[in-house]
Amino acid sequence: MHSPPSIWAQWHASPALLLLVAGLAAAYFGLSGGRWQARGGLYFTALGLLALVEASPLHYLGMHALFSAHMVVHIVVLLLCGPLLVLGLPPALPSTVARRLARFSGWLRGHTWLAWLAGVGIMWGLHVPAVFDASFGGLDAAFGLPALLPVVAMLLAGALFSWPLVGPTAEAHLHPLAGVVYLFSACVGCSLLGLLITFAPADTYQHYARAGWCGTPSLAPDFASNPWGLSLADDQQAAGLIMWVPCCFIYLGGCMYLVAKYFMADEGVAPPPAPPLRGRGAIRPLTLASVRLPSPAGEGPGVGLH
Amino acid sequence: MANTTVLVPEPARPLPGLSINSSQGLLQWISSVDHKQLGIMYLWMALLFMLVGGLEILLVRVQLAVPRNTFLSPEAYNQLFTMHGTTMIFFVAMPALFGFGIYFVPLMIGANEMAFPRLNALSLWLTLFGGSLMYFSFLAGGAPDAGWFNYAPLNQFNYSSSPGVDYYCAGLLLAGIGTITASINLVVTILRYRIPGMRFKDMPVFVWMMLLTACLVLASFPALNAALAMLLLDRQLHAHFFDVTGGGSAVLWQHLFWLFGHPEVYVLILPAFGIFSEIFAVFSRKPVFGYAFIVGSGIAIALLAFGVWVHHMLAVGLGNTVNGFFSASSMLIGIPTGIKIFNWLATMHGGSLRFTVAMRFAIAFLVEFTIGGLSGIAFAIVPIDLQLTDTYFVVAHIHYVFIGGTLFGLFAGLFYWFPKMSGRLLDERLSKWFFWLFVVGFNGTFLVQHVLGTLGMPRRVYTYPDLPGWGLLNMISTAGGFLMGAATLLLVYMLVTAIRRGPLAPADPWDAYTLEWATTSPPTLQNFDRVPPVRSARPWRDHKRPDDADHLKPGKKKGVHGK
Ligand SMILES: [Cu+2]
């Protein structure tokens, strides 16, 4: 019996993927005027991560054997690569591009729900069993173009989702605390999906139920040689749980980043909250100037205001 | 705007503190929509239910004092421990925390009233009648007897045929709606009714924690209410949500209950964290150390609350994959709480401490809650959970968290704010007696239960065989319980005498920091006439010490400088 090739040797970069990465890199230098600009590292980290998860044995595992590996790829592309690309955009852009981006940011600011829906919707959409199984259809097609479609969609969705939080136009950012709500509600959306996948019947995703372990019997659960021993059900549970728990921690990390940003920004006195509306005993709106109080030096602490 | 004016019998002069000797007597309290009176009534309600729930558990402790006791029948025992848990969580801890919130949030943000005063009254009465309805079950054929988390299939008609579980559903549904309306009210009040100039980062920590708590309630109570409605359908109309023979799922109940239940733990602890933050700062004469970290870790706790509930179900058999993930994530929730503990320690470090009774409870909390937290982390380790689940170790853990955390927070808040609410001072000597009696009784009751649990004594059994050590440990536990009971009676006596004839309290007896101390004790019907400008999280102190104000030293409010 011939021994299957080691899983660690399964590196496959499709021409389409290489084109995508090269195109994105070219886009950076096109936008930055050929110069390396601040935070460029983030941009190219995103490209590196993208190439890594799409070409590495992890990807191979995800495509052929393990849903859980596939889920890791999804999450890295959607929640790390997309936002990092946005974060790493060159700060100094040609004025026409900057104006267009600002206009887009302003428009998106009025349609924040769209950005939110892109981030959450792509997760749900791609994991509808029929869509999910279909996304493996063109695995061997020329240039790997069909297989790259979901990746591009996730990159775009991830970028769009993070745009209101870290987009290039700071004035169009959500208030950091609103950003916490934005991220947290998205986290709930993904958790619900993760929960569904975790507790769904084990053959919900036919692609993996049918997977012949693709010439890598060492991955099949019922082979004595398999050190990982993931059954189909375990694998699907792990995939759901990855979306449910660690994925939430990425959102949570984002929330903590926003909270830290909020507390570190030492702006002046913020615009006061909207004046009280109505109701019995509604507060008399006091402006700071109207405040006049007895001096504590004269009467000591503990003096009422009446 | 005055087209909806409603005349309510309320005095125009200062409110009567805690007495009912006003011009309108009891009617004025019953018809009140004033947030201070409603807050006080929440607290009275909590005290009343605490006496009832405490009595129930003392009966249980008598039954457990010696092996093979026949003091209570198994049926009575089941009803008593179920009612004890449900009462203490839903009708003592929740109303008391919300009582403080409803009383003090408007005062602390410089508002004169909650956003929706009449909704506020509705919340109180819904909660009270929810509790009363649940207790009516004693007269209607038997109280709920399936434990406070009321697992399926035990909650199904064939296993619990008395109407108790139906009353549990109806009572908790009512109270749950009351809690949700109160939370909506708090969120809107905090977002919209802050005095102009008070930014989010100037809000007292207690207000922050009430905001987070209210958001948690809004996100978690729907799961409970849905589960209760489904259970009622199961029991009354023979639906099959949790009925396995009919194709339902018993585990679904656990998921829904703990999807509510784990956030509920934080609903019960975050306001206490807020109270402690105020108290540590005031009685150390320092700003709270790391305001941003305390608030930020509070936000982290609130968000994490929804990602870990399955750790209550590690023994259900969901599989190693599921257990592994939730074991790992549950250990993470120790981090933000640990951050807070160190923040409070750092707040005390180098401060000039005043060991008032409120401060004593706060310090005791640091010890007790850490014990409860550590045993909680132990449960996140799956093999330990499998070994200890459903034993007295769980009972010890939950009580170290809920008594050492929530109840101590409530006591600390009571001793801190009582002068403001009543205009009277509590007897300091008796207060210290109460503190020591309660702390000793509490540890006497529950410390030994760690041992009992490790020895294998299961919880929720009405009696036990005479195994080596079990009788003695249980007797110690019962004695401790009675000590706590005596302390509670002492507390009631202290409260009543202080309200009747305690010395009058000044407006600001503790030289405190936040705006509630800027008005009289007790506050007038209209809380404020004017409010000092808010430029930091300690506006009242800034006003009292204009040369030393926080906003003059930007690093100070972050707790960077010493005093
Ligand atoms: Cu929990």
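Analyst: This is a predicted model. We can go through cysteines, a metal site and pockets.

User: Cysteines, then. How many disulfides over all chains?
Analyst: The count comes to one disulfide over all chains. C187(A) and C248(A) form it, with their sulfur atoms 2.0 Å apart.

User: Where in chain A do C187(A) and C248(A) lie?
Analyst: C187(A) is in helix α9 (residues 176-199) of chain A, and C248(A) is in helix α12 (residues 246-264) of chain A. The pair therefore ties together parts that are 61 residues apart in sequence.

User: And which hand does the disulfide of C187(A) and C248(A) have?
Analyst: The disulfide is right-handed, because the torsion about the S-S bond is about 75°.

User: Are C187(A) and C248(A) buried or exposed?
Analyst: C187(A) is buried, at 6% relative accessibility. C248(A) is buried too, with a relative accessible area of 12%. The cut-off for buried is under 20%.

User: Switching to the metal. Which residues coordinate the copper ion?
Analyst: The copper ion is coordinated by H262(B) through ND1, and by H311(B) and H312(B) through NE2, at 1.7 to 2.0 Å. Along the sequence, the spacing of these donor residues is H-x48-H-H.

User: Where do H262(B) and H311(B) sit in the chain?
Analyst: H262(B) is in helix α7 of chain B, while H311(B) is in the loop between α8 (291-304) and α9 (320-332) of chain B. They are 49 residues apart, and the pair links distant parts of the chain.

User: Buried or exposed, those two?
Analyst: H262(B) counts as buried at 4% relative accessibility. H311(B) counts as buried at 15%.

User: Which helices supply the lining of the largest pocket?
Analyst: In chain B, α7 (250-284), α10 (334-348), α11 (357-380) and α13 (392-422) each supply at least two residues of the lining. The largest share, nine residues, comes from α11(B).

User: And by class, what lines the largest pocket?
Analyst: Its lining has 25 nonpolar, 15 polar and four charged residues.

User: What about the second largest pocket?
Analyst: The second largest pocket holds about 910 Å³ of space. Its lining has 39 residues, with I57(B), H84(B), M88(B), H399(B) and F446(B) nearest the centre. By class, the lining divides into 26 nonpolar, 10 polar and three charged residues.

User: Which helices supply the lining of the second largest pocket?
Analyst: Each of these helices of chain B supplies at least two residues: α2 (35-64), α3 (74-108), α13, α14 (428-455) and α15 (470-501). Helix α13 of chain B also supplies at least two residues of the lining of the largest pocket.

Definitions and conventions:
Residues are numbered from 1 along each chain as its sequence is written. Chains are lettered from A and ligands numbered from 1 in the order in which they are written. This is a predicted model: local features need pLDDT of at least 70, side-chain atom pairs count only at pLDDT 80 or more; totals for chains, interfaces and linings use all residues. Side-chain values use heavy atoms; hydrogens and water are left out. A disulfide is a pair of cysteine sulfur atoms within 2.5 Å. Helices (H or I, at least four residues) and strands (E, at least two) are DSSP runs, numbered from the N terminus. Buried means under 20% relative accessible area, exposed over 50%, partly exposed in between (1.4 Å probe, protein chains only). Ala, Val, Leu, Ile, Met, Phe, Trp, Tyr, Cys and Pro count as nonpolar, Asp, Glu, Lys and Arg as charged, and the others, Gly among them, as polar. On a 1 Å grid over the protein atoms alone, a cavity is a set of points where a 1.4 Å probe fits but cannot get out, and a pocket is an open set with protein on both sides within 12 Å along at least five of seven lines; lining residues have an atom within 4 Å of a point. Grid points are joined across faces, edges and corners, and a volume is the space filled by probe spheres set on the points. Donors are N, O and S atoms within 2.8 Å of the metal (3.2 Å for Na, K and Ca); water is not among the atoms, so sites may look incomplete.
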